[in-house]
Amino acid sequence: MSPLLPGTAPAAAEGVGPLLRAWREQRRVSQLELALRADSSARHISFIETGRSRPSEQMVLRLAEHLDIPVRERNALLLAAGYAPRFPETPLDDPALDALREGIERLIVGYEPYPALVVDARYDVVAANRGVMMLFDGVPESLLVPPLNAVRLTLHPQGLAPRIRNLREWRGHLLEQMERQIALRRSAPLRALYEEVAAFPVPESGPDEGPGEGTGDTDGSQRSASVAYFALPMRIEHGGRILSFVSSISTFNTPMDVTVAELAVETLLPADPATAKYLHSWMS
């Protein structure tokens, strides 16, 4: 039987000590190093991990901070130590988050004509602007039934995958990003999504090209000159043209709510002048 991972079993049943030890080992931090960071002693950390000492609520939060444990799992640690959860999980449609939703909406609409979307911890889309919906042109309705999942839509053989010219590169980038999130969050639903999309077929050959070849101009022609990309682009066909984007992801600083902590804003920046010109032309 494989050992339980943090977040995969009721926290109170496992106890705070084993959970903290698992997170510390996951982060590859020694007891001494963690003690120095948390202004404690290696002996005290050892006693906590073995159950010989019950940490205070503040010590649990301090250790979680220094181990970079996600907010959701900090609540689990508090419960395992016998304390009440510290961080609420407010539904996104709750009136308490009206200001957040309005701010997100202004942000992604203001980014138009360039694509921007907001996803949660499972990569489900909670908001998207017209630039993103443009890229979804031609995707079957069955894949657009809410909740839309950004990774599934991108890599599904009936989604965006057939139109992504450097699919192997972009697929590798997305899977590596998911692996990092799984290591950080130890999320069973995220692992299930990873296994699902990793199993999608990848063409043996097809539209994959080098990242600097064949960028489409706004008149439908193909530029043969190499483009010096500053980051890995997603090169996707739309309306007979090849558009190139690089991705930027932003999160909220020091979130105090589980829902907010798990939101990420992804913006797609045009990677060449032809893509920017096309998007402005399309939106107008």
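Leaving aside residues up to four places away in sequence, Gln177 touches Tyr123 and Ile249 in this predicted model. Gln177 belongs to helix H10, which spans residues 167-185, and H10 is also the element that gives the most to the lining of the largest pocket, with four residues.

**Gln177 and its surroundings**

- With a relative accessibility of 12%, Gln177 counts as buried, because the cut-off for that class is under 20%.
- The side chain of Gln177 is joined to the side chain of Tyr123 by a polar contact of 3.3 Å, and Tyr123 is also one of the residues that Gln177 touches, alongside Ile249.

**The largest pocket**

- The volume of the largest pocket comes to about 650 Å³, and among the 30 residues that line this pocket, Leu184, Arg185, Thr251, Pro255 and Ala261 are the closest to its centre.
- At least two lining residues of the largest pocket are supplied by each of helix H5 (57-66), helix H6 (71-80), H10 and strand E7 (264-270), with the contribution of H10, four residues, being the most.
- By residue class, the lining of the largest pocket divides into 18 nonpolar, four polar and eight charged residues.

**The second largest pocket**

- For the second largest pocket the volume is about 190 Å³, and of the twelve residues in its lining, those closest to the centre are Arg72, Glu73, Arg122, Ser187 and Pro189.
- Two or more residues of this lining come from each of H6 and helix H11 (188-198), and H11 provides the largest share, namely three residues.
- The lining of the second largest pocket is made up of four nonpolar, two polar and six charged residues.

**Aromatic rings**

- A search of the whole structure finds one aromatic pair, formed by Tyr111 and Tyr114 in an edge-to-face arrangement, with 5.7 Å from centre to centre and 75° between the planes.
- The two partners fall into separate accessibility classes: Tyr111, at 22% relative accessibility, counts as partly exposed, whereas Tyr114, at 19%, counts as buried, because the boundary for buried residues is set at under 20%.

Definitions and conventions: Residues are numbered from 1 along each chain as its sequence is written. This is a predicted model: local features need pLDDT of at least 70, side-chain atom pairs count only at pLDDT 80 or more; totals for chains, interfaces and linings use all residues. Side-chain values use heavy atoms; hydrogens and water are left out. Buried means under 20% relative accessible area, exposed over 50%, partly exposed in between (1.4 Å probe, protein chains only). A polar contact is a pair of N or O atoms within 3.5 Å; within protein, one must be able to donate a hydrogen and the other to accept it, and residues adjacent in sequence count only if both atoms are side-chain atoms. Contact means heavy atoms within 4.5 Å. On a 1 Å grid over the protein atoms alone, a cavity is a set of points where a 1.4 Å probe fits but cannot get out, and a pocket is an open set with protein on both sides within 12 Å along at least five of seven lines; lining residues have an atom within 4 Å of a point. Grid points are joined across faces, edges and corners, and a volume is the space filled by probe spheres set on the points. Ala, Val, Leu, Ile, Met, Phe, Trp, Tyr, Cys and Pro count as nonpolar, Asp, Glu, Lys and Arg as charged, and the others, Gly among them, as polar. Rings of Phe, Tyr and Trp (its six-membered ring) pair if their centres lie within 6.5 Å; planes under 30 degrees apart count as stacked, over 60 as edge-to-face and the rest as tilted.
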